Amino acid sequence: MTRLHDVSTRSFDQAAMPTVTMIGGGQLARMTHQAAIALGQRLRVLAENPEDPAAQVSPDVVLGSHTDLAALRKAAVGSHALTFDHEHVPTEHLEALVAEGVNVAPPPQALVYAQDKLAMRTKLAELGVPVPAFTPVAEPSDAVRFGDEHGWPFVLKAVRGGYDGRGVWMPADAAEAERIVTDQLAHGVRLLAEAKVDLKRELSAMVARSPFGQAATWPVVETVQRKGQCAVVIAPAPDLADEQAAVAETLALNLAAELGVVGAMAVELFETHDGALLVNELAMRPHNSGHWGMDGARTGQFEQHLRAVLDYPLGDTSPLAPVTVMANILGAEQAPEMSMDERLHHLFARMPDAKVHLYGKGERPDRKIGHINVLGDDVAEVREKAERAAHWMSHAVWTDGWDPHE
Ligand SMILES: Nc1ncnc2c1ncn2[C@@H]1O[C@H](COP(=O)(O)OP(=O)(O)OP(=O)(O)O)[C@@H](O)[C@H]1O
Ligand SMILES: [Mg+2]
């Protein structure tokens, strides 16, 4: 008997598709998993808890800590590339993995400039990249001297481990600086001081680079911070002169090549009132300033990150609309009584074009629990809509008093 399909069919062989491991089970891993699905892959995730955003959705979860070398090794077995949802893996563990043949992307010698703010400032200054004045702080008097020299308030930062503004202080006087430094040093936190930049606004230049050396930027965006963390992103940055945009994109491309970055990188920038651009920090992973591209660019950062770490050719990063605004959904001071599901119903009823991304996280004050992308033509209109939508999702309150029953 002849079987018709002997030659023409073949079952899908998951094992023949690459496996990427992401360290950390947060929303960045969750959204990378989403992109992995479209590429026929499963993202393996090293997560601390089964409830973590990415652990909820990936079938390939290793439970463990990113500070435990044994857990990292387990997550790396059979993986084509090992990459990150945050920058908190100890560099020595990554070096051990590389020595054992694991493809760590970005490699530790690049990643260190996203992990260690002092190493980053020093390296960038060496490369002639504009950065704020800075100095290491080994004792309280270093900080006071820096403040006296560069003006109060200045910025104190944890050299490692900060995120969402945690690990950033702006002491107003010597007493406050001494208190913070003494307290942090006692907790084993290494510190640096940097001048407080009188900034006009913050920008982010994102790029992805593959081991082959291919690189692609997205349009430079404006990031709006509230309480030290990103709240809104406007893509592209409004009224940014073409030459400035070119300077920022070229800087991102050059840094990616110079540092040997593999994967996505965000270059967080300060724009001063005279139009100068200073680097704030680097993130070598998908970044909040790239979330707009999930709906607003031909290739978003999560897919591009996977393509880059697997050395696939990179995707077209063109924007799909004149303006995309991303607004973070942040946990309210008091979580609203209305359920998240009901809030979503109301949002969709009012704004059918709002693109919602929820992370599966519990609501805590100011916690990033999701984001909304809105595309359009007019910056002010699109921004207002995206922020109104995000505020609704956080608080169950329409900022313009809209009532569907009226
Ligand atoms: N030197 C500076 N001058 C003025 N503002 C600063 C300076 N450094 C930091 N800030 C403000 O604090 C915010 C957080 O600082 P930074 O990006 O270094 O910290 P982080 O906690 O690692 O950041 P993220 O929110 O990106 O995780 C910046 O986005 C900026 O608004
Ligand atoms: Mg930052």
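Predicted model: local features only at pLDDT ≥ 70, side-chain atom pairs only at ≥ 80, totals over all residues.
## Aromatic pairs

The count of aromatic pairs comes to four. Among them are the rings of Trp 398 and Trp 402, whose centres lie 5.7 Å apart and whose planes stand at 90°, so that the pair is edge-to-face.

Another of the pairs joins Phe 146 and Phe 154, with 5.6 Å between the ring centres and an angle of 65° between the planes, and this pair is therefore edge-to-face. Phe 146 and Phe 154 are both buried, and together with Trp 152 they form one aromatic cluster.

## The magnesium site

The magnesium ion (ligand 2) is coordinated by Glu 268, which is listed with two OE entries, and by Glu 281 through OE, at 2.0 to 2.8 Å. Glu 268 belongs to strand 13 (residues 263-272) and Glu 281 to strand 14 (residues 277-283), so the two residues tie together parts that are 13 residues apart in sequence. Both of these glutamates, Glu 268 and Glu 281, are buried.

Around the magnesium ion (ligand 2) there are six donor atoms, and because the angles that they subtend run from 50 to 178°, the arrangement is irregular. For six donors to count as octahedral, opposite donors must be over 155 degrees apart and all others between 65 and 115.

Note on methods:
Residues numbered from 1 in each chain as written. Chains lettered and ligands numbered in written order. Heavy atoms only, no water. Donors = N, O, S within 2.8 Å, 3.2 Å for Na, K, Ca; no water. Tetrahedral: all angles 85-135°; square planar, octahedral: opposite > 155°, others 65-115°. Helix = DSSP H or I, 4+ residues; strand = E, 2+ residues; numbered from the N terminus. Buried < 20%, exposed > 50% of the residue type's maximum accessible area, 1.4 Å probe, protein only. Phe/Tyr/Trp six-rings, centres within 6.5 Å; stacked < 30°, edge-to-face > 60°.
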